[in-house]
Amino acid sequence: MKFSKFAKYYVITTQGLITIVVLLFIGYYIGGLINKDSVWPGVLAAFGAICGIVSFIYILLKMLKKEDKKNEPKNESKD
């Protein structure tokens, strides 16, 4: 039981970190295509990293909400 919980968090964390890094490099690449000697590569790389962080936080919140629903006790009213 504990191993599956660890594995789930490991997968989510790895996915988040890879998403952040990939979006960072995509932003840097697009900025380099626009103008290599300007500030665009850095700006778009930072924007890509921020988008990756927002995506990672959204996935974590969605997972925690799903987990809370799963662990919520069911109210069965007996009339």
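1. A quick term before we start: two residues are in contact when they have heavy atoms within 4.5 Å of each other. With that in hand, take Gly48, which sits in helix 2. Setting aside its neighbours within four places in sequence, Gly48 is in contact with Leu23 and Leu24. Gly48 counts as buried at a relative accessible area of 8%, where buried means under 20%, exposed over 50% and partly exposed in between (1.4 Å probe, protein chains only).

2. Some housekeeping. This is a predicted model, in which local features need pLDDT of at least 70 and side-chain atom pairs count only at pLDDT 80 or more, while totals for chains, interfaces and linings use all residues. Residues are numbered from 1 along each chain as its sequence is written, and side-chain values use heavy atoms, with hydrogens and water left out.

3. Now helix 1, which covers residues 2–34; helices here are DSSP runs (H or I, at least four residues), numbered from the N terminus. Helix 1 has 33 residues and spans 48 Å from first C-alpha to last, close to the expected 48 Å. That expected span is 1.5 Å times one less than the number of residues. Its buried residues are Ile12, Gly16, Ile20, Gly27 and Gly31, and the buried residues of helix 1 pack against helix 2.

4. Helix 2 runs over residues 40–71, has 32 residues and reaches 46 Å end to end by C-alpha, close to the 46 Å expected. Among its buried residues are Pro41, Leu44, Ala45, Phe56, Met63 and Glu67. Helix 1 is part of what covers the buried residues of helix 2.

5. Ile57 belongs to helix 2 and is partly exposed, at 44% relative accessibility. The C-alpha atoms of Ile57 and Gly16 are 8.4 Å apart, although 41 residues separate them along the chain. Lys69, also found in helix 2, is exposed at 61% relative accessibility. For Lys69 and Lys8, 61 residues apart along the chain, the C-alpha separation is 17 Å.

6. Which residues make the nonpolar surface patch? They are Ile18, Val22, Ile26, Tyr29, Ile30, Leu33, Ile34, Val39, Trp40 and Val43, and the patch comes to about 990 Å². Patch members have over 30% relative accessible area and no salt bridge; nonpolar side chains (Val, Leu, Ile, Met, Phe, Trp, Tyr) are joined within 5 Å, and like charges within 9 Å. A salt bridge here is a side-chain nitrogen of Lys or Arg within 4 Å of a carboxyl oxygen of Asp or Glu. Areas come from the Shrake-Rupley method with a 1.4 Å probe, and for residues only the protein chains shown count as cover. Helix 1 and helix 2 each supply at least two residues of the patch, but helix 1 gives the most, with seven.

7. Last, the aromatics: a search of the whole structure turns up one aromatic pair. Phe6 and Tyr10 form that pair, which is stacked, at 6.3 Å centre to centre and 25° between the planes. Rings of Phe, Tyr and Trp (its six-membered ring) pair if their centres lie within 6.5 Å; planes under 30 degrees apart are stacked, over 60 edge-to-face and the rest tilted. Phe6 and Tyr10 are four residues apart in helix 1, so about one helical turn separates them. Phe6 is exposed at 55% relative accessible area, and Tyr10 is exposed at 53%.
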